[in-house]
Amino acid sequence: MIKKIIFPIVLLLCVTNLYAQSNCFFTHYSLEDGLSQSTIMSILQDRKGNMWFSTWDGINKFDGYSFKAYKAAQQESAVSLSHNRIDHMYEDKYGYLWLQTYDAHAYRFDPRSERFQRIPSTQEIGSLAAISGIKVLPGGSVWLLTETEGGIRVTISPQNHAPNTEWYSMSLGTLQAAHIYDIYEDKAGNEWILSDNGLGVLMSGSKSPAFYFSEMTDKGKKGQAFYTCWEQDDKLFFGSDNGRIWYYQKKDGDFRLLTLSSESPVISIKSVRQNELIFVTKKDGFFVYDLQTEETKHYSATIFGADPIHSVYVDKYSEVWFEQHTPGKIFHFNPHTRVLKRETLKVEPTS
């Protein structure tokens with residue numbers, strides 16, 4: 001009798017387990033489905049749920065059923081794109097898409113009117129600058145970054161969404177650096193400028209930045225470079241050269257130095273667990289930092305090989321994923337188990 005009862009229970013558990021497993025469906029979309037080009041450079045999902053794909057031949061909107069392409073060849077849409085290859089694409093708080101074209105220009109695309117707008121316009125100062133990056137901030141402003149000419153800050157009118165540009169560069173005397181690595185907006189609305197010559201900050205409501213750790217001499221000597229920022233409670237952590245972490249105390253406005261046992265630049269700072277940060281260097285692995293005990297544990301670069309780390313992503317399970325330009329190898333770190341793994345994938349030869 002007991003065996004007869006146990007068998008249906010086991011069978012029920014097996015069936016329940018099968019139904020609990022999520023099903024994954026893969027659909028391949030190509031030129032035959034309406035994509036304007038098969039090389040995808042960037043993907044985003046807008047606030048309305050539409051998927052956008054930037055390609056070597058314009059941008060594509062996918063509403064779940066069909067694709068619609070927008071590019072310079074469509075004269076009926078009053079498109080003024082200078083190049084149809086879109087390398088990068090971002091969405092701002094007002095629903096506009098910001099595009100970086102292959103010929104180093106920046107455009108704002110309005111999905112409502114389906115029109116492109118070059119920013120800065122050809123009549124504005126900074127229109128000849130070669131745009132190498134776009135940084136969209138949560139407060140609404142957008143920075144257009146260059147390799148050697150500083151950056152162009154774009155503020156958007158909340159009323160009519162009209163853009164206003166201001167160029168921060170050494171040639172204009174508004175910036176003490178040639179190259180901006182990143183822009184970070186803190187919770188108070190201040191915009192921090194991380195550059196190759198120190199750290200600048202535009203306080204909320206101000207248009208003139210203050211500078212820290214910058215230096216410029218007749219011999220071309222520069223101050224410290226800053227690459228990344230992370231905000232944790234009442235502190236801002238900034239990654240600099242030679243394993244240096246400067247953290248800014250919001251209450252007293254002072255900077256304090258945390259030195260890692262590394263000579264490599266700190267290119268990324270992330271939160272991985274409660275009261276724990278990860279400091280990632282370019283060529284010397286990473287460090288796990290305990291905010292309470294102020295102790296660090298070094299995971300050396302031995303497993304990573306000679307290739308530098310370019311960027312870091314932390315998923316919703318706090319797993320840390322490292323980007324290296326090494327085909328077929330993926331590294332990830334579990335902060336809970338303290339296990340660093342290398343996955344090896346089969347990849348096709350490519351140029």
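Which residues of strand 22 are buried on one side and which on the other? In this predicted model, E276, I278 and V280 are buried on one face of strand 22, and L277, F279 and T281 are buried on the other, so that both faces are covered. Residues are numbered from 1 along each chain as its sequence is written. Because the model is predicted, local features need pLDDT of at least 70 and side-chain atom pairs count only at pLDDT 80 or more, whereas totals for chains, interfaces and linings use all residues; side-chain values use heavy atoms, with hydrogens and water left out.

Strands are DSSP runs (E, at least two residues) numbered from the N terminus, as are helices (H or I, at least four residues). In a regular strand the side chains alternate between the two faces of the sheet.

Strand 22 has pairing partners in strand 21 and in strand 23; two strands pair if DSSP finds at least two bridges between them. The pairing with strand 21 is antiparallel and extends over 6 bridges, with K270 standing opposite I278 of strand 22. These two strands form a hairpin with 2 residues between them, and N275 in the turn has a positive phi of about 65°. Strand 23 (residues 286–290) also pairs with strand 22 in the antiparallel sense, over 5 bridges, and D290 of strand 23 is the bridge partner of E276. Here the hairpin has 4 residues between its strands, and G285 in the turn has a positive phi of about 70°.

Two open sheets are described next. Strands of a sheet pair through backbone hydrogen bonds, either parallel or antiparallel. Strand 3 (residues 58–62) is joined to strand 4 by 4 bridges in an antiparallel arrangement, and F62 stands opposite F67 of strand 4.

Another open sheet has 4 strands in the order 9-10-11-12, again with antiparallel pairing. Its edge strands are strand 9 and strand 12 (163–168), each of which pairs on one side only. The twist averages 20° from one strand to the next. Between strand 11 (residues 151–156) and strand 12, which run antiparallel, there are 6 bridges, and G151 stands opposite Y168 in strand 12.

Pockets and cavities were identified on a 1 Å grid over the protein atoms alone: a cavity is a set of points where a 1.4 Å probe fits but cannot get out, a pocket is an open set with protein on both sides within 12 Å along at least five of seven lines, and lining residues have an atom within 4 Å of a point. Grid points are joined across faces, edges and corners, and a volume is the space filled by probe spheres set on the points. The largest pocket has a volume of about 1100 Å³. Of its 32 lining residues, K135, Y181, D182, Y227 and S311 are the closest to its centre. Two or more lining residues come from each of strand 9 (131–136), strand 10 (142–146), strand 13 (180–185), strand 17 (226–232), strand 21 (266–273) and strand 25 (311–314), and strand 13 gives the most, with 6 residues. The lining divides into 16 nonpolar, 9 polar and 7 charged residues, where Ala, Val, Leu, Ile, Met, Phe, Trp, Tyr, Cys and Pro count as nonpolar, Asp, Glu, Lys and Arg as charged, and the others, Gly among them, as polar.

The structure also holds 2 cavities of 30 Å³ or more. The largest cavity has a volume of about 40 Å³ and is lined by R153, T155, N164, T165, E166, Y168 and K207. Strand 12 provides the largest share of this lining, 4 residues.

Notes
Buried < 20%, exposed > 50% of the residue type's maximum accessible area, 1.4 Å probe, protein only. Axes fitted to C-alpha atoms, helices over the stretch in contact; angles between N-to-C directions.
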